[in-house]
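Colleague: Before we go through this chain together, could you set out what the model shows, taking one question at a time?

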Amino acid sequence: IFLQLKNITDKKILIVAGKPTDTTNMKNNHFFSDLPENKNIEYKNHLTAKFLQVAIINSKTIISGAGYSSVMDLVTLHKKAVIIPTKGQTEQEYLAEYLHEKKMFVSQTIDNFDINKAIKQLNNINPAFEKIIFEKEKVLDAIKDLFNNK
């Protein structure tokens, strides 16, 4: 994913690793070592809940993990997003696919991620997206279905 960011020079990009105890400089992280220097990319190991909420609210495009709390944050903040389930986490894979089929989120796997395709797919989310997304019960029902089917 990060290497695909090198072609995006006209947008500000914030990468948040979500690692509150990691104090190393993210630019030294092996995930980012091949990423070309880009003044539009800001790296953060962690943001407090308040600053993360502000970042999400002010973002036009969000690419996120597909974990339960991430999905619920996006639902609560009424944000469209591209969600990427963690490989091997069947509950995330199921939820991401379910929400993608319902056109509530765009879902791609880490192995087949295409940033340009993902951003285009965001434009095709159901026009009733906001109505659906405001109905948090639909997402909660999907999560309940997930655990009932195990």
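Modeller: The expected span of a helix is 1.5 Å times one less than its number of residues. The model is a predicted one, and that rule can be applied to it directly.

Colleague: How far does helix H3 reach from its first C-alpha to its last?

Modeller: Helix H3 covers residues 90-101 and has twelve residues. At 1.5 Å a residue the expected span is 16 Å, and the helix comes close to that expectation, with a reach from first C-alpha to last of 16 Å.

Colleague: Within what arc do the buried residues of H3 fall, seen down its axis?

Modeller: The buried residues in H3 are Gln92, Leu95, Ala96 and Leu99. Seen down the axis of H3, they line one face of the helix, because they fall within an arc of 100°.

Colleague: Why does Gln92 count as buried?

Modeller: Gln92 lies in helix H3, and, leaving aside neighbours within four places in sequence, Gln92 is in contact with Ala66, Gly67, Ile84, Pro85 and Thr86. The cut-off for a buried residue is under 20% relative accessible area. Gln92 counts as buried because its relative accessibility is 14%.

Colleague: Which element gives the most residues to the largest nonpolar core?

Modeller: The largest nonpolar core has 17 residues, and those with the most contacts inside it are Val71, Leu74, Ile83, Leu95, Leu99 and Phe105. The elements that give two or more residues to this core are H3, helix H6 (136-148) and helix H2 (68-76). With four residues, the element that gives the most to this core is H2.

Colleague: Which residues does Leu95 touch, not counting those up to four places away in sequence?

Modeller: Leu95 is among the residues with the most contacts inside the largest nonpolar core, and Leu95 is also one of the buried residues in H3. Not counting residues up to four places away in sequence, Leu95 touches Ala66, Val71, Ala142 and Ile143.

Colleague: Which residue in E2 is the bridge partner of Ile13?

Modeller: Strand E1 (residues 13-16) and E2 pair in the parallel sense over four bridges. Strand E2 (residues 41-44) has a covered face formed by Ile41 and Tyr43, and an uncovered one formed by Glu42 and Lys44. The bridge partner of Val16 in E2 is Lys44, whereas that of Ile13 is Ile41.

Colleague: Which are the edge strands of the open sheet of three strands?

Modeller: The order of the three strands in this open sheet is E3-E4-E5, and the pairing is parallel. Three bridges join E3 to strand E4 (residues 82-84), and in E4 the bridge partner of Ser64 is Ile83. The strands that pair on one side only, and are thus at the edges, are strand E3 (63-65) and strand E5 (106-107).

Colleague: Which element of the chain has the lowest mean pLDDT?

Modeller: The mean pLDDT of the chain is 81, and 78% of its residues reach 70 or more. Among the elements of the chain, E5 has the highest mean pLDDT (96), while the lowest (52) belongs to residues 129-134, helix H5.

How values were computed: Residues numbered from 1 in each chain as written. Predicted model: local features only at pLDDT ≥ 70, side-chain atom pairs only at ≥ 80, totals over all residues. Heavy atoms only, no water. Buried < 20%, exposed > 50% of the residue type's maximum accessible area, 1.4 Å probe, protein only. Arc of directions from axis to C-beta. Core = buried A, V, L, I, M, F, W, Y, C linked by side-chain atoms within 4.5 Å. Contact = heavy atoms within 4.5 Å. Pairing = 2+ DSSP bridges. pLDDT = per-residue confidence, 0-100.
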